[in-house]
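My notebook is open, and a few things need looking up. Here is the structure I worked from.

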Amino acid sequence: MYSDQIKLHLIVFIWGFTSILGVLISIPSVEIVFYRTLISAIALVGVLWAFNKTPFIKWRMVLKLVGTGFLVGLHWILFFASAKVSNVSICLAGVATCSLFTAFLEPLIKKTSIKWYEVMIGLMVLSGLYIIFHFEFGHFLGLSLSLMAAFTAAIFSILNSNFSKAEDPIVITFYEMVGACLCCILVFPFYSNFLSESGSLQLDITLMDGIYLSILALVCTVLAFYVSVDIMKRVSAFNVNLTINLEPVYGIILAFVMFGEKEQMSPGFYAGTLVILVSVLLYPVLDKYLSKRRRRKQELTA
């Protein structure tokens with residue numbers, strides 16, 4: 001268990017490093033995601049072959065997974081764009097709201113009732129965002145992009161919770177990487193003509209860009225996925241989700257160490273971020289406690 005806990009925190013630490021890599025890589029966010037997903041998809045072909053797993057599944061499921069991959073691609077584009085137009089701290093503060101969006105979207109998608117404590121925690125997160133916007137209004141665009149990234153992440157995480165019950169997680173990841181890569185390719189014409197600062201695609205990369213992109217794809221995507229799936233066989237989903245919520249903390253600390261003054265924010269930013277993180281960490285604790293209490297009542301009345 002101690003070994004698994006160390007591995008889990010290491011994986012969350014690696015995920016916290018992805019936004020820093022996004023800043024270090026010189027090409028724009030759409031091109032970053034294109035290379036990340038392309039390298040990951042190719043690597044996953046090798047993984048499927050090495051573990052003798054077949055990628056051949058029903059075509060309807062393939063379409064669903066590729067479609068979900070489009071959402072994954074959009075999430076990463078917004079994520080890296082946020083880090084580039086503002087900074088890592090702003091990006092991670094916004095993405096920390098993913099759990100909030102999941103709490104409200106999952107009942108809507110699965111047609112279940114919203115719980116009272118989800119509303120309470122949602123109000124806490126909104127108050128944290130209000131504090132950040134109030135003190136860091138100059139980062140309005142970056143924070144808005146990161147909130148949209150959190151929203152898309154919440155949707156595809158809910159969809160994946162259903163897919164994982166029917167298909168192998170590696171196969172799911174492979175098709176979603178393919179879908180995310182296709183998303184970038186389809187976005188390229190519009191992006192290069194209307195959104196690109198240079199007026200064209202920037203697919204030429206430096207040696208350092210290639211190294212950073214390889215780390216992003218192979219370590220932060222493929223390897224991190226493998227280890228996290230292996231850990232979930234022995235560690236409870238509650239424990240895993242609670243630890244994953246620490247990603248913004250690790251990322252903000254890493255960014256401050258690496259970029260120094262560029263990542264130094266106002267006291268209001270840290271106050272608002274603290275409110276969001278406390279809310280995000282409080283949610284699974286309350287959910288587990290109240291679910292146990294509900295089950296106990298049902299057993300007594302049965």
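This is a predicted model: local features need pLDDT of at least 70, side-chain atom pairs count only at pLDDT 80 or more; totals for chains, interfaces and linings use all residues.

Before anything else, I noted the cut-off for burial: a residue counts as buried when its relative accessible area is under 20%.

**Entry: Leu-290**

I started with Leu-290, which sits in helix H12, residues 267-301. Its relative accessible area is 13%, and the cut-off for buried is under 20%, so Leu-290 is buried. Next I asked which residues Leu-290 is in contact with once neighbours within four places in sequence are left aside. I found Trp-116 and Tyr-117. I also checked Leu-290 against Thr-221: the pair is 69 residues apart in sequence, and their C-alpha atoms are 34 Å apart in space.

**Entry: two serines around the end of H8**

I looked up Ser-192 and found it in helix H8, which covers residues 169-195. Ser-192 counts as buried because its relative accessibility is 12%. Not counting residues up to four places away in sequence, Ser-192 touches Gly-199, Ser-200 and Leu-201.

Then I moved to Ser-196, in the loop between H8 and helix H9 (207-232). Buried or exposed, I wondered about Ser-196? With a relative accessible area of 10%, Ser-196 is buried. Its contacts, with neighbours within four places in sequence set aside, are Tyr-191 and Gln-202. I also noted a pairing across the sequence: Ser-196 and Pro-28 are 168 residues apart along the chain, yet 8.3 Å separates their C-alpha atoms.

**Entry: the second largest pocket**

Here I wanted the volume, and I got about 490 Å³ for the second largest pocket. The lining of this pocket has 18 residues, and those closest to the centre are Ser-29, Val-30, Ala-81, Tyr-191 and Leu-195.

Which helices supply at least two residues of the lining each? I wrote down helix H2 (29-50), helix H3 (59-85), helix H7 (140-163) and H8. H3 gives the largest share, with six residues. By class, I listed the lining as 13 nonpolar, three polar and two charged residues.

**Entry: Ser-146**

Leaving out residues up to four places away in sequence, I found Ser-146 touching Ser-82, Ile-90, Cys-91, Gly-94 and Val-95.

**Entry: H4 against H11**

Two packed helices are described by the angle between their axes and the distance between the axes. For helix H4 (residues 88-95) and helix H11 (residues 247-259), I noted an angle of about 175° and axes 9 Å apart. Angles over 145 degrees count as roughly antiparallel, and therefore H4 and H11 are roughly antiparallel to each other. On the H4 side the contact is made by Val-88, Ser-89 and Leu-92. On the H11 side I listed Glu-247, Pro-248, Gly-251, Ile-252, Ala-255 and Phe-259. The classes in this contact of H4 with H11 are six nonpolar, two polar and one charged.

**Entry: Asn-52**

Most residues other than glycine have a negative phi. Asn-52 is not a glycine, but I read a positive phi of about 55° for it. Where is Asn-52? I placed Asn-52 in the loop between H2 and H3. Residues over 50% relative accessible area are exposed, so Asn-52, at 72% relative accessibility, counts as exposed.

Conventions
Residues are numbered from 1 along each chain as its sequence is written. Side-chain values use heavy atoms; hydrogens and water are left out. Helices (H or I, at least four residues) and strands (E, at least two) are DSSP runs, numbered from the N terminus. Buried means under 20% relative accessible area, exposed over 50%, partly exposed in between (1.4 Å probe, protein chains only). Contact means heavy atoms within 4.5 Å. On a 1 Å grid over the protein atoms alone, a cavity is a set of points where a 1.4 Å probe fits but cannot get out, and a pocket is an open set with protein on both sides within 12 Å along at least five of seven lines; lining residues have an atom within 4 Å of a point. Grid points are joined across faces, edges and corners, and a volume is the space filled by probe spheres set on the points. Ala, Val, Leu, Ile, Met, Phe, Trp, Tyr, Cys and Pro count as nonpolar, Asp, Glu, Lys and Arg as charged, and the others, Gly among them, as polar. Axes are lines fitted to C-alpha atoms, for helices over the stretch in contact, and angles run from 0 to 180 degrees between N-to-C directions. Angles under 35 degrees count as roughly parallel, over 145 as roughly antiparallel, 65 to 115 as roughly perpendicular and the rest as oblique.
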